[in-house]
Structure formats: structure tokens, C-alpha cells
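These are my notebook entries on a structure that is new to me. I record below what I looked up, entry by entry.

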Amino acid sequence: LALRDKKTAEFTRNCLGGMGIDEHVEGSLEYYAHAGIINSLKDHRIYVMGELTANFINKQIVPHADVINVQDYKTLSYPKTLPHVNCGVQHRPRYCSMAKALFLREFIYNNPPRKSDGQWDI
């Protein structure tokens with residue numbers, strides 16, 4: 001590998017917390033384990049942020065999955081400040097994907113979607 005590729009692989013491994021395929025790293029997954037994890041998503045409702053992501057997941061990753069775009073919620077609006085979470089990266093909570101995900105999890109829990117006539121009523 002070129003030095004640039006090694007740096008990219010190291011950066012990815014560090015940021016993903018060992019989700020790579022390096023058998024010598026604690027928390028690493030076998031190569032074929034990823035397919036099983038992605039395949040198991042079809043049995044769950046998947047919440048995404050944005051129509052592009054919803055279409056990508058439904059067409060490329062897990063066809064026929066139950067995907068809900070949370071931007072379709074009419075009552076959804078992010079608060080002015082998000083909670084501080086320990087995601088391991090130094091940045092403001094406003095830019096933290098984990099803080100946004102925790103906010104969305106609580107929002108969905110308190111505002112569950114209902115299905116009527118085969119469509120999600122959100």
C-alpha cells in the first residue's frame with residue numbers, strides 16, 4: 001500500500017472503532033460478518049435523515065426494508081443546543097452525529113409513526 005492508502009486505512013480504523021477487517025485489532029469484525037449485519041437490517045425499521053439516504057438504503061443496501069425518513073415528520077425540529085455526549089471526538093455538540101442520533105432516538109420514541117393504508121402517518 002502507498003503511504004496515503006495506509007493513512008486512510010489507519011484513519012478509518014481509528015474513527016470506526018475497529019470496524020475494519022484487521023484480525024489483530026480488538027473489536028474487529030471478520031470480512032463476511034458485515035454482510036450478515038447489513039442483511040439483518042431488513043427485519044427492523046430503519047430511520048434515516050433525508051430522502052437521498054432513504055432511497056440509497058432501499059435500492060442499494062437493503063431492498064424492501066422498512067425505511068422512514070425522519071425529515072417527513074412535520075413536528076421535527078432540532079433544539080438550539082444538543083446534549084453533550086461522549087463520542088470520543090472534540091467538537092461542539094451541534095456538529096456531533098451521536099448527539100443528533102440520541103436526540104432523534106428520543107424524538108421517535110415519543111412520536112412513534114403509525115401505519116395507515118400502507119403508508120406511514122407521520
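Entry one: aromatic rings. I found that ring pairs join Tyr73, Phe103 and Phe107 into a cluster. The model I am reading is predicted. My search of the whole structure returned 2 aromatic pairs. One of them is formed by Tyr73 and Phe107, with an edge-to-face arrangement: the centres are 5.3 Å apart and the planes stand at 80°. I noted that this pair links distant parts of the chain, since Tyr73 belongs to the loop between β2 and α4 (97-110) and Phe107 to helix α4, 34 residues apart.

I located Asn69 in strand β2, which covers residues 66-69. Asn69 counts as buried because its relative accessibility is 9%. I then asked which backbone atom the side chain of Asn69 reaches. It is the backbone nitrogen of Gln71, at 3.0 Å.

Entry four: the surface. I looked up a nonpolar patch and found that Ile38, Leu41, Phe56 and Ile61 form it, with about 320 Å² of accessible area together. Of these residues I followed up Ile38, which lies in helix α2 (residues 33-40). Ile38 has 37% relative accessibility and so counts as partly exposed, a class that lies between the buried limit of 20% and the exposed limit of 50%.

Key. Residues are numbered from 1 along each chain as its sequence is written. This is a predicted model: local features need pLDDT of at least 70, side-chain atom pairs count only at pLDDT 80 or more; totals for chains, interfaces and linings use all residues. Side-chain values use heavy atoms; hydrogens and water are left out. Helices (H or I, at least four residues) and strands (E, at least two) are DSSP runs, numbered from the N terminus. Buried means under 20% relative accessible area, exposed over 50%, partly exposed in between (1.4 Å probe, protein chains only). A polar contact is a pair of N or O atoms within 3.5 Å; within protein, one must be able to donate a hydrogen and the other to accept it, and residues adjacent in sequence count only if both atoms are side-chain atoms. Rings of Phe, Tyr and Trp (its six-membered ring) pair if their centres lie within 6.5 Å; planes under 30 degrees apart count as stacked, over 60 as edge-to-face and the rest as tilted. Patches are made of residues with over 30% relative accessible area and no salt bridge: like charges are joined within 9 Å, nonpolar side chains (Val, Leu, Ile, Met, Phe, Trp, Tyr) within 5 Å. Accessible areas come from the Shrake-Rupley method with a 1.4 Å probe; for residues, only the protein chains shown count as cover. A salt bridge is a side-chain nitrogen of Lys or Arg within 4 Å of a carboxyl oxygen of Asp or Glu.
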